[in-house]
Amino acid sequence: MRKVTRLLVAVPAMVMMLGMGAPPSVRSIPLPNDFSPEGIAAGAGSTLYVGSLVDGDIYRTDLRGRHGKVFVDAPAGRTALGMKYDNAHHRLWVAGGPTGHAYVYDTRTGRSIADLSLGTAGASLINDVVITRHAAYFTDSFNPVLYKVPIGYHGWIGRPHKITLSGPAATIVAGGFNLNGIAAPDDHTLIADHSALGTLVAINPRTGSSHSIQVTGGTLTPGSPDGILLHGRSLYVVENFAERLVTLKLGHELRTARITSVVTDADVHGAFQIPTAVAEQNGRLAVVNARFDVGLPPPLGTGVPPGTEYNLVVLKR
């Protein structure tokens, strides 16, 4: 593991700050070599959690990159994709990708609380998670379903069950990644992006029915939408291979969404390296550089060159 430092990067004035009319300043927070990060979650204070595709370990750092260390040494056979922090119960919920599982960790001790079987190993890709007051919902990028895990009194974790999707959210593009990032504007509606199609959908979690959200002011890039973040009516969409961070303003009935800004890799002087997820912490956006261009660990790929460096890119929101 290389020493955690900060790198200040100058950014050209041509970029409009995310909805604020000023160029963003960019900082880099290094992660351990060979970590293969994919998902990120904002914890208490200025804490950030980042998960590993290689072994499911969870790395904990903060916005200044101080005191970074592996916080969860995950049991063998696990992997980590999208994740969310549950402040009410001091827990981290983690999508387990090709394992077909999801995992829950105590953020005070790093202890594993739950190993939840959702889909079928190898035939499912549990990609992302969102937490509402009463449940956690997981996307499956290979199948037209969501998985709901009830959360009850004092954080009781219920038995997972499958929600069969209908409408545009159920579209499956063979050989591609389908539903991916997920967010919840309220307890009755979920928002997800469809990676292969480059679209947004709204989902009724009770029935599984869905409708398309029409994007205006530009387009999302088919094949690239990945992690999403909802902040008020603003939706941030990370586009991995397109290397863009797109901000949209949601319409009140979740039928439309207008693109209000786009930050590209050129705008941040090459700071993006196949970004996959974003978290908000104290007015900053922390973006994971997954570097899928150099490889993916098994079973998603053939491996990554030894010594590959990874980092987070931090922008002012």
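What follows is a chat about the fold, core, ring pairs and strands of a predicted model.

Trainee: How many helices and strands are there in the protein chain?
Mentor: Since this is a predicted model, we are describing a computed fold, and in that fold the protein chain has zero helices and 25 strands. The radius of gyration is 18 Å, close to the 20 Å that the globule rule gives for 317 residues, so the chain is as compact as a globular protein of that length.

Trainee: And what box do the C-alpha atoms fill?
Mentor: Taken along the principal axes, the C-alpha atoms of the protein chain fill a box of roughly 50 × 45 × 40 Å.

Trainee: What share of the residues counts as buried?
Mentor: Of the 317 residues, 55% count as buried, while the chain exposes about 13000 Å², with carbon and sulfur atoms supplying 52% of that area. As for contacts between residues at least 6 apart in sequence, 49% of them join residues at least 24 apart.

Trainee: Let's go inside, then: which residues have the most contacts within the largest nonpolar core?
Mentor: That core has 21 residues, and those with the most contacts inside it are Trp-93, Leu-116, Leu-118, Ala-136, Phe-138 and Val-149. The elements that give two or more residues to this core are strands S8, S9, S10, S11, S12 and S13, and S13 gives the most, with three residues.

Trainee: Switching to rings, how many aromatic pairs does a search of the whole structure find?
Mentor: The search finds five aromatic pairs. One of them joins Trp-93 and Phe-138 in a tilted arrangement, at 6.5 Å centre to centre and with 45° between the planes, and this pair links distant parts of the chain, with Trp-93 in strand S8 and Phe-138 in strand S12, 45 residues apart.

Trainee: Are those two buried or exposed?
Mentor: Trp-93 is buried, and so is Phe-138.

Trainee: How about Phe-142 and Phe-177, why is that pair called tilted?
Mentor: Their ring centres are 6.1 Å apart and their planes lie at 35°, so the pair is tilted. It too links distant parts of the chain, from the loop between S12 and S13, where Phe-142 sits, to the loop between strands S14 and S15, which holds Phe-177, 35 residues apart. Phe-142 counts as partly exposed at 32% relative accessibility, and Phe-177 is also partly exposed, with a relative accessible area of 41%.

Trainee: Which residues do ring pairs link into a cluster?
Mentor: Tyr-49, Phe-71 and Tyr-85 are linked into a cluster by ring pairs.

Trainee: Back to S15, how many of its residues are buried?
Mentor: Five of the five residues of S15 are buried, so the strand is largely enclosed by the rest of the structure. S15 pairs with strand S16 in the antiparallel sense over three bridges, with Ala-192 in S16 as the bridge partner of Ile-182, and the two strands form a hairpin with six residues between them.

Trainee: Last one, where does Ser-234 lie, and what does it touch?
Mentor: Ser-234 lies in strand S20 and counts as buried at 19% relative accessibility, since the cut-off is under 20%. Not counting residues up to four places away in sequence, Ser-234 touches Leu-229, Thr-247, Leu-248 and Lys-249.

Definitions and conventions
Residues numbered from 1 in each chain as written. Predicted model: local features only at pLDDT ≥ 70, side-chain atom pairs only at ≥ 80, totals over all residues. Heavy atoms only, no water. Core = buried A, V, L, I, M, F, W, Y, C linked by side-chain atoms within 4.5 Å. Buried < 20%, exposed > 50% of the residue type's maximum accessible area, 1.4 Å probe, protein only. Helix = DSSP H or I, 4+ residues; strand = E, 2+ residues; numbered from the N terminus. Phe/Tyr/Trp six-rings, centres within 6.5 Å; stacked < 30°, edge-to-face > 60°. Pairing = 2+ DSSP bridges. Rg over C-alpha atoms; globule rule 2.2 N^0.38 Å. Contact = heavy atoms within 4.5 Å. Areas by Shrake-Rupley, 256 points an atom, 1.4 Å probe, with all protein chains shown as cover.
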